[in-house]
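Me: I am new to this structure and would like to go through a few points of it. Please show it first.

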Amino acid sequence: MAPEKKEEDFSLKETSPNIGKGRVSGRERLTSSFDLVEEMEFLYIRLVKGRDLQETINQNGPPYSTSDPFVEVQIGNYKGTTRHFDRKPNPEWHQVFAFAKNHLQALSVEILVKDKMASSDRFLGKISMDMSDIPKHVHPDSPLAPQWYKLDGENGLMARGELMFAIWWGTQADEEFSDAWHSDAAAVSGESLMNCRSKVYVSPKLWYLRVNVIEAQDLVPIEMNRTDPEVYVRAVFGTNVLRSRVSPNKSVNPSWNEDLIFVAAEPFGDPLVLTVEDKVDDLTGHCLGRLVMPLAKAEKSFLPTTVAAEWHNLERVDTTNSEDLKDVKFASRICLRVSLDGGYHVFDEAISQTSDFRATMKELWTPAIGVIELGILNAKGLLPMKSKFGNGTTDAYCVAKYGNKWVRTRTVVDSFDPNWNEQYNWEVYDPYTVLTLVVFDNCHLQPGEAKDSRIGKVRIRLSTLKTDRIYTHSYPMVALYPNGVKKMGEIQLAVRFTCSSLFNLLQTYTQPLLPKMHYIHPFSVNQLERLRHQAAQSLSLQLSRAEPPLRKEVVEYVLDLGSQTWSLRRGKANFARITGVLTGFLAAWRWFNGIRQWKSPTTTIVVFLIYAILIYFPEMILPTLLLFLFGTGIFKYKRRPRLPPHMDIKLSYAHKAHPDELDEEFDTFPSSKQGQILTARYDRLRIIGTRMVMLLGDLATQLERLWSLLSWRDPRATAMFTLFCLIAAIVIYFIPLRIMLILAGGFVMRPPTFRINIPALPQNFFNRLPTKEDLMF
């Protein structure tokens, strides 16, 4: 009998890491700079420069030759090497080495100066130091000053030259930590070392570039006898192209008054290129003039309407050899209003998962309300992501984003249980924001181009966190693949949200979520999504040019750029979310229906008496409702969530997704599939689309029936309804409203003995009202 498959644990676990030197219980507030991570000790060696590093034949003779010196630091089995300099006896390195103390077994440190052209066992000089003699640097003391040290030769003889360096014991709080060569990456060499280092990145400032195309004058058509050209404007900014509509007045003086909007990132490099074209077909047109405008000339404004319109002369772009155009005076011009709108927030993330809502212009920013601090401690049980020398290995690093600040931890090479213990913080301007952290496998430690592999993602919404509390939890790293959902390991984080003023924090809940421009001159949903895609591509391009680069696949995964693609799994999950919200209303209806059915006569009588009291004392309705809500909130306090939210595979329907659905979700766009697979998916999509069309049709039918009450499409039905309204108005005028409501309540809650289970008269009348469905093909 085959053993049962062990079910993976995707739950969130509370942990008790040794952070804050053991003084943190999970609820204390500490003030030291690195109190959210476990302290790690490193042996730092900062090699500055050398002097007179050359080999000699004897102690008193002249130098034999100028050497190609480099330095090799040896501590037991660990070895770090500087770059070498060709024939330079006085080199300058300015390199820092960091050896993790928990990996060191040696009792001394050897610093050897070697010649690149000599054999590996020879050296120009060396310096040995006992571990017990190395001083300790305590943050935030000033850095330890480097000193000159004389080199010792072989057999205890004095060698030529000196070496300037500093050596000390420190922690990850040391200022040299991020730029150091780490023993965790001892297997990495050359330029790949840069891809291992921890760095902080800042997103470039993003603007909405608004091009208001107003009108043009004195255009010269390609065909001289054409009096009604179909003219439109084509705008190109970077790789993005937009087209205006064809001018409604078909003449050589067309007008549009249309906005074309792009996303521009500082510093502005690409110019804005506008061409006025005469439409030939749906894809092409004859160019009637061109304008190239650097963005340095665009005005930055809070309101797009404050920018003055200007006339610009068009350049002729002669794409033909027409003799008729050579003698024609070219004086075409176009009227534009070009502005960089700083009153908007430029979305680079999905609106529901954004980490910042501030406008582009700093003058519109409100003061910060607090700080979010993140301690990235370690990961456990990571799966092998690639093969190395026949064995599976993982070189993991983390990237976290909040606002315009991105942080990247160092890469821990060849470890399934990496320890980072790095701490970062961000200023907070709104609690309804999300901190996003992703874990990747570094695939750029060896020569060759490859994409870094996803390991998992964590999102933390700040509004779900209590202030001044340290949350220490182990989050499951979950990844979705074409063959199903998989747990890639767990990552341990420490999070703390602190605010300077509780009043300012509560006040943000009363403020508009977005800057005012989003409400004064709003964008459509389709516009926002298109502009978000532009912003994400612009950020990806800018951050990939940093050193070390934050690569495109990382930026797109953090920003969830592919979340808008077709996914049957996500559609089922969203339907389940709607059903879950409606479950409460269905439960309330079942409770009320049980009262109507007199399952508990005592409860039914009490409810009816309360109803009658509220009808006779209507001023008690609102207070009673508010007291009920207050009591419900107090009752549910004991059941409040104790853990911060995390990625839920059940909510995402990742555990129930069919392999074919996942294969379709991971398919490229346009699809790479052919034949029967593509046909089957298209047919399935048609079935789903048919159900949606039927659902929309049923909704439209009910709304049209409601509208038909007074439309006289059915004269008898409308006459009956209008007569009913007249009679009801007279009856309600003479009979008090409270009596009517009591009678209506008594009728609804009458015992089942006096009830017939057939549709009521109003429902029968409503179902017979006409709709427009019979007019459709």
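Me: Which strand holds Glu72, and is Glu72 buried or exposed?

Reply: In this predicted model, Glu72 has its place in strand β5, residues 69-75. Its relative accessible area is 6%.

Me: With which side chain does the side chain of Glu72 make a polar contact?

Reply: A polar contact needs a pair of N or O atoms within 3.5 Å. The side chain of Glu72 has such a contact at 2.4 Å. The partner is the side chain of Gln74.

Me: Which strands stand at the edges of the open sheet of five strands?

Reply: Strands of a sheet pair through backbone hydrogen bonds, either parallel or antiparallel. Here the order is β13-β27-β26-β29-β30, with antiparallel pairing. Two of these strands have a single partner strand each, so one side of each is left without a neighbour in the sheet. They are β13 (199-202) and β30 (453-461).

Me: What is the bridge partner of Val438 in β30?

Reply: Strand β29 covers residues 434-441 and pairs with β30 in the antiparallel sense over eight bridges. The bridge partner of Val438 in β30 is Lys457.

Notes
Residues are numbered from 1 along each chain as its sequence is written. This is a predicted model: local features need pLDDT of at least 70, side-chain atom pairs count only at pLDDT 80 or more; totals for chains, interfaces and linings use all residues. Side-chain values use heavy atoms; hydrogens and water are left out. Two strands pair if DSSP finds at least two bridges between them. Helices (H or I, at least four residues) and strands (E, at least two) are DSSP runs, numbered from the N terminus. Buried means under 20% relative accessible area, exposed over 50%, partly exposed in between (1.4 Å probe, protein chains only). A polar contact is a pair of N or O atoms within 3.5 Å; within protein, one must be able to donate a hydrogen and the other to accept it, and residues adjacent in sequence count only if both atoms are side-chain atoms.
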